[in-house]
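Try each task yourself before you read its solution.

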Amino acid sequence: MTPRDVTLLEERLRQAEERIAALNRIGIALSAERDIERLLETILTESRRFSASEAGSLYLVEDASEGRRLRFKLAQNDAVAFAFSECTMPVDEGSLAGWVAVHGEPLVLEDAYALPAGAPFHHNHAFDEATGFRTRAMLVVPMKDHRGELVGVLQLMNRRSRAPGTYEAYPDDLVPLLLSLATQAAVCLKANHLTASIRKLFEDFAQAAIFAVEQRDPTTAGHSNRVST
């Protein structure tokens, strides 16, 4: 083994250790966050930082009368300022996020403007045209919980390279790490939603009990409710 080989191995080992440490730190941060909106911000911010992405967006799966759909919940971009508003889109193969939601598999693109021939999905150029932003490489991963249930889709764009102002493709060895991060995020989101549901159920039960007590004893009407608050 040449000195150059040794140097390359040492560099790869250092990168692996840094990535593992980063994943652990992100996992702790996600587990500690109890506010849903801040949790979503943390998920996208940390995913972008971990993957050196210039921009990113997050979609959540929701049920509707017409079936499942994706809610465009959050977007971040270091290059341009923009006005964000939530919207929904169908879970189908027509969009990048929709394709990932349908198949439950990651999608890696070297250039959003040079899609594989015959691909059913397309990149929406409207944002680029409106802001002057140029979408380059993309990495889109499903957010699945520990049971494999789809919670959302994480979309990352424009991986920065070491030279300032330059970009590179997302490497293959980064994909499983982002899938791991997305799973951690999905589990935390499900846990937060479950906690919020239990809290709401308990509050409703308490209010019902208070109402029943006050109906039985009108002389103390209002007292129980004031105590509960």
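Buried means under 20% relative accessible area, while exposed means over 50%. Keep in mind that this is a predicted model.

**Exercise 1.** Decide whether Thr135 is buried or exposed.

*Solution.* Start by finding the residue: Thr135 sits in the loop between helix H4 (126–131) and E5. Next, take its relative accessible area, which is 1%. The cut-off for buried is under 20%, so Thr135 counts as buried. Finally, look at what is around it: leaving out residues up to four places away in sequence, Thr135 touches Asp111, Ala112, Tyr113, His123, Asp128, Met157 and Asn158.

**Exercise 2.** Work out which elements give two or more residues to the largest nonpolar core.

*Solution.* First, the core itself: it has 28 residues, and Ile43, Leu58, Met143, Leu178 and Leu189 have the most contacts inside it. Then list the contributors: helices H1 (3–32), H2 (36–51) and H5 (175–216), plus strands E1 (53–64), E5 (138–144) and E6 (150–160). H5 supplies the largest share, eight residues. Now zoom in on Leu178: beyond residues up to four places away in sequence, Leu178 touches Ser47, Phe50, Ser51, Leu139, Val141, Leu154 and Leu156. Apart from this core lies another one, of 22 residues, including Leu70 and Phe121.

**Exercise 3.** Find what the side chain of Ser161 reaches at 3.5 Å.

*Solution.* Go to the loop between E6 and strand E7 (167–168), where you'll spot Ser161. Its side chain reaches the backbone nitrogen of Tyr167. Setting aside neighbours within four places in sequence, Ser161 is in contact with Thr166, Tyr167 and Glu168.

Technical notes
Residues numbered from 1 in each chain as written. Predicted model: local features only at pLDDT ≥ 70, side-chain atom pairs only at ≥ 80, totals over all residues. Heavy atoms only, no water. Core = buried A, V, L, I, M, F, W, Y, C linked by side-chain atoms within 4.5 Å. Buried < 20%, exposed > 50% of the residue type's maximum accessible area, 1.4 Å probe, protein only. Helix = DSSP H or I, 4+ residues; strand = E, 2+ residues; numbered from the N terminus. Contact = heavy atoms within 4.5 Å. Polar contact = N/O pair within 3.5 Å; in protein donor to acceptor, adjacent residues only side chain to side chain.
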